Amino acid sequence: MSENTFPDRARVDARDKVRGATRYAADTPLPRLAHAMTVPSPIVRGRLTAIETGAARDMPGVLAVLTWRDFAGVASAGYLLGGGRAFQSHQPMLSDRLVHRGEPVALVVAETLETATAAAALVRATCEAEPFAAALGETGEEVTPPQQSYNVGDAEAAWTAAATRVDAAYSHPAQFQNPMELIATVAEWRDGVLSIHEGSQNAGAVKFGLAAALGLDPAQVRVDSAHLGGAFGQKNSMQLQTVLVARAAMLLGRPVKLVMPRAQLFHTASFRPASRHRVRLGADAQGRMVAAVYEADMQNSRADTLRPTFSEITSRLYDIPNYRSAERLVRTDVQSPGYMRAPFEHPAAFAFESAVDELAHATGQDPLAFRLAHEATRDPVTGRPFSSRLLADCLRQGADRFGWARRTPQPGSMRDENGMLVGWGVASGAYKAAMSPAIARLRVRANGTTRLSVSGHEMGQGMRNAILATLMAHLSIDPARVDIRVGDTEAVPQHLTAGSWGTASAIPVVRQAALEVRQRLAELRGSRQMRGDLHQMLARLRRPHIEVEVRGHAPGQPDAVFGRLQNGLPAAGGPEYPDFVSFSFAAHFVEVRVEPTTRRIRVPRVVSTIDCGRVVSPRTADSQVRGAVVWGIGAALREAAEIDPRFGGVLNNDLAEYVVPVNADIGSIDVGFIDRPDLLLNQAGVKGLGEVAMVGVAAAIGNAIFHATGRRLRELPMRMEHMV
Amino acid sequence: MDDDPAGVPPAISPCLTRREAGLGAALVAGLAPAAAQAAQATPGATLRLVLRVNGKAVDTMVDPRTSLLDLLREQLHLTGAKKGCDHGQCGACTVHLDGRRVASCLTLAAKAQDRRVLTIEGLAPPGGALHPMQQAFIDHDALQCGYCTPGQVMAAVSCVREGHVTDAAQIREYMSGNICRCGAYTGIVAAIQDAATRMREG
Amino acid sequence: MQRFTYTQARSAEAVPGTGARIIAGGTTLYDLMKLDIETPAALLDVTTIPGLDGIAFAGDELVFGALARMSDAAEHPEVLRRCPVLAESLAKAASQQLRNMATLGGNLLQRTRCPYFRNGAHYPCNKRAPGSGCAALEGLDRGHALLGGSEACIAVYPGDWAVALVAMDATLDLLGPRGARSLKVAALHRLPGDAPQQETVLEPGEMILRIRVPVGPIGRASTYHKIRDRESYAFALVSAAVALDMEQGVVREARIALGGVATRPWRVPEAEAVLAGRRLDRALALEAGRAAFAAARPGRHNGFKVVLGTEAVADAVMIAAERSQRP
């Protein structure tokens, strides 16, 4: 039992997963289950003037065709970032108002999926269309005045006076999370209780959001989100179909299932908005970075405000005495964009870390040495210390593993045995180390079982593993009989699991709960010597169980945050804490090979070294990093939503045309951890991992392409057309 | 619902009908408990379909439109195969049809007439040891969220049986029909290399 | 998807008279039915017809039963040895799951991936709704044709196998309401012209029975080179089927066809002529590549394919030539 290093341990739910026994929302078996299908809006923006449902209703097996007129008295659950609990404030089907492509205008419920789908195709909506702008850079977009986010020194003056200057524009397309699990809701209304099965990172928001929307007492709503088939930010709040399905189940008195078709999800769920970035960097005559000005525009919807925090990391990656940043929102006619893995940090790092590479090249310096030379020792923004910052260790260890010393600096100077152009690139990444309020309830029983309920959700990141590892580090209990309840509103209050704060929030309270169980046992035992494990000791003490409940929150947060936790509202804190600032850090080293004829780009090798504090679950942490690198490769080279501005919809709205990486795209990924605990942030020493591991990968790829070819690509995804 | 928090459904649209719901099929002893509920006529289930699923005979009525995936999931309650795209673009629905891996979402259920279907639920005997591929997926952490995993495992077993495991590059190519958005690809390749050895020994 | 009847055929002779839509593997048809783009009232499954799934040599011909699966032909050792362009065109298409389902005959009839076609009634599309217009002409045409387009349609023929077959001068044996006939694969697909909804010259109820490929000295030195947006499981940005007959570094005969850039499988005799009778080096291969795209008419977003395609043809020629050195 030690916290110094955690043993390698197989993923606790893997046995069920490899047998197909894990139940995701759409797998919920319920008798008399009816099937629903949505009818998407045929326009982008305007008003529904008529809806013809007769043909659908007349189809044998159809149980109901619901339109907005069936939702009288239902309210929007509100926007997550505006005091509400849904991914956008606009709840479709509450009125005749249409504000984005593909929003549902009707919900068909039938005995079978085939019937529901066929009937949905017969519903005809007539609309009054209004002009729209559905993509960045289109006529009709509304650009808000710039809002300054960070200002240190006098960046404009320092940049103007700099000896070497970089002024570069970068762009990032809209991208979609596309978790493999389709967004699905199964709703059952029985005995005055609404039971929802939905893969969500935020079961609490679904519970309280539904209660608010439907006028129910929250105690009447139960949400089960025990397993998610991936989420990546897209499932971070109440979805727009949830209330539709719930209402249908209540009206019909039967359980109803809706699995949203993949094509519709490109218009009915959140996404990473498009953004454009201008980065100006200046170096003095000695090649020292003295000024950075970072300006960015990010797509938003008309109604809701998602504030980009691009500069939260770029202001701190380096010790730059003069830094200024400002962002503008670009309002467009889309569903509200939201969070997709490293939502702002990945695009920001692509822009900023590309520009840093450009400045290193312009000043004739090795890009690794350049980065190390500008390593910050205190937070340049607040002047506070970092709770821990091992970025330099990441860079040095990663460089060793990668073999950076063998790199020849001149672009185009390296070739492999097949004549391919070889490029080696590096980039750094950071991501806030945030924490949310969390509650853990731990019951260890004499009968050999243990139950641990905690605020948190298992999306595949391995939270259950980290929890088990923490319990096993402190308690002698039977690991095979631990029931870990996450994502269950009936177990403990559930907070949004996102922003890489899941483990850092759950593990400290789980750890504390384990320590309190030990303490309680010690009190029971008194001076008696006892052998055996905890279960056996309880049996000898004739105690059926010990139960403790522990709550925790981020450093410096008031206890009032528990009120938000208990009401399904987000309440995370960080990265700026009263006495320090906290970030996780990453260094990525990438090798690309570019075919000299077609300019095809391949990524045979990546080395990523991470500072995420203590690594509690080594095996799943390793997988998290590999996955994040795959995401970085996808974001850098593959993924873009293609939007025809005349029509306003995503054209490549399926997995054949929205190209995410496949197995053949991925080569070797070597993962390293610094694995030193951050004991200022929390007693478990844990910082976040899932997102920082992606931050900087795209820039490292772009930097490697520059090294291979001398061509600097500033637009994502970097594709063939940019190379020829 | 505002006026009725206790939840008696109010009177609603006239289009609502109360048809008797049948689970629509499948009296198959031991296949899945829910499937053994009394089958009643489901609207549209006009085709009689006889096939073998995981070694057991199935005799059921299906809608001609039904995909093999929806037959397995919604009628036979074998929910291991997953719907990730419903268009043959992701591989999450992979099952074996007469011993070959196919995308069950893009296979008409009617095409399984008189044929053998193997799903993840039938890969290893219930309660017994795992198939070597399943064990290798655990050992190499070749999964994260687990949603694509049944399809990956079924594809991987075929990949070995087809002989497409000469080297990592060949495995990658022949596993590219199974998208893993969590990005467990390196683990999947390692698991297949490991299991290929164990399957040959076994 | 609207209702339809489903019947299984027991013999090829029974197919033409039924009036039903033929379904084989279903990887295109069922897919498009799910999108409500294909709406057949009756399906006739031909995969239950015995005896049409063989792959064999008959004299100088390689004969593929139309119901053989893509995966069977892709891995057939004799096909790989004597005509790798055919095997590679299949192996680089789709995924193994889909190759296990799709048939060699059905694959020829796969329909375009044009998103304006596939995304349904929100978008004008002359192929899906004749007379509604073509949204791609002034739209996102990165995936659209540079060759063979018309004012009505620039949708790309998405297949690989047909491109290889056109390069190899393959012939189809058909059975239709008016009896049996043979047809060059090169004559199967129509140019879109002003009727893009008519994609092939097949008559209703006419079925492909066999695909015959003459294999002589020109099969072995061949390749199918496919450039995609990812390394596998994607449609071609551009592809080149190349077969050469070479003697001591000199090209006797060349066959070149393009995929991913044209409205139908696109043979380029202009490029073949560049190579014929000349000593091959990469400069000449590049010249052939340029000739292959000389007639290209790029749109707004697909101009890069002229350069990319030129290089891909040149690479393919060099790969094929290397194979001519093999014993």
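Author: A residue counts as buried when its relative accessible area is under 20%. Keep that cut-off in mind as we walk through this predicted model.

Reader: Happy to. Is A:Asp13 buried or exposed?

Author: A:Asp13 has 7% relative accessibility, so it counts as buried. Its salt-bridge partner is A:Lys17, with the closest N and O atoms 3.4 Å apart. A:Lys17 is buried as well, because its relative accessibility is 2%.

Reader: How should I read such a pair in general?

Author: Side chains of opposite charge can pair when their charged atoms come close. Here is another case: A:Arg316 and A:Asp379 form a salt bridge, their closest N and O atoms being 2.9 Å apart. A:Arg316 sits in the loop between α8 (311-314) and β16 (322-332) of chain A, and A:Asp379 in the loop between α10 (367-373) and α11 (391-402) of chain A, so the pair ties together parts that are 63 residues apart in sequence. Both A:Arg316 and A:Asp379 are buried.

Reader: What about chain B, where B:Asp86 and B:Lys83 meet?

Author: Those two side chains form a salt bridge at 3.8 Å, N to O. B:Asp86 and B:Lys83 are both buried.

Reader: How many salt bridges are found over all chains?

Author: The search of the whole structure gives 96. Some residues are joined in a network of salt bridges, which links A:Arg45, A:Arg97, A:Glu130, A:Glu142, A:Arg302 and A:Asp333.

Reader: Let's turn to sheets. What holds the strands together?

Author: Strands of a sheet pair through backbone hydrogen bonds, either parallel or antiparallel. In chain C, five strands make an open sheet in the order β4-β5-β8-β6-β7, with antiparallel pairing. The edges are β4 (55-58) and β7 (179-184) of chain C; each has a single partner strand, so one side of each is left without a neighbour in the sheet. From one strand to the next, the twist averages 25°.

Reader: Which residue stands opposite C:Leu62?

Author: C:Leu62 faces C:Val213 in β8(C). The strands concerned, β5 (residues 61-65) and β8 (residues 207-214) of chain C, pair in the antiparallel sense over five bridges.

Reader: Which strands form the open sheet with mixed pairing in chain A?

Author: That sheet has four strands, in the order β21-β20-β19-β22 (chain A). At its edges stand β21 (482-485) and β22 (545-552) of chain A, each with a single partner strand, so one side of each lacks a neighbour in the sheet. The twist averages 10° from one strand to the next. Within the sheet, β19 (residues 438-445) of chain A and β22(A) run antiparallel and are joined by eight bridges. One place to look is A:Arg445, whose bridge partner in β22(A) is A:His545.

Reader: Which helices pack on it?

Author: Helix α12 (residues 463-474) of chain A touches β19, β20 (450-454) and β21 of chain A, and its direction makes about 130° with that of β21(A). Helix α13 (residues 502-525) of chain A also packs on the sheet, touching β19, β20 and β22 of chain A; its direction makes about 140° with that of β22(A).

Reader: How many residues of strand β5 of chain A are buried?

Author: Seven of the seven residues of β5 (residues 104-110) of chain A are buried, so the strand is largely enclosed by the rest of the structure. Strand β1 (residues 34-40) of chain A runs antiparallel to β5(A), with six bridges joining them; A:Val39 has A:Ala106 as its bridge partner. Strand β3 (residues 62-66) of chain A also pairs with β5(A) in the antiparallel sense, over four bridges, and there A:Val62 is partnered by A:Ala110.

Reader: Now a helix, please. How do I check the span of α17 of chain A?

Author: At 1.5 Å a residue, the 13 residues of α17 (residues 697-709) of chain A should span 18 Å, and the end C-alpha atoms are 18 Å apart, which agrees. Since 13 of the 13 residues of α17(A) are buried, the helix is largely enclosed by the rest of the structure. A:Gly710 follows α17(A) and has a positive phi, near 80°.

Reader: Last one: where in chain B does pLDDT stay under 50?

Author: Over residues 1-40 of chain B. Where pLDDT is low, the predicted coordinates should not be read in detail. Chain B averages a pLDDT of 84, and 79% of its residues score at least 70. Its secondary structure comes to five helices and five strands.

Methods. Residues numbered from 1 in each chain as written. Chains lettered and ligands numbered in written order. Heavy atoms only, no water. Salt bridge = Lys/Arg side-chain N within 4 Å of Asp/Glu carboxyl O. Buried < 20%, exposed > 50% of the residue type's maximum accessible area, 1.4 Å probe, protein only. Helix = DSSP H or I, 4+ residues; strand = E, 2+ residues; numbered from the N terminus. Pairing = 2+ DSSP bridges. Axes fitted to C-alpha atoms, helices over the stretch in contact; angles between N-to-C directions. Expected span 1.5 Å × (residues − 1). pLDDT = per-residue confidence, 0-100. Contact = heavy atoms within 4.5 Å.
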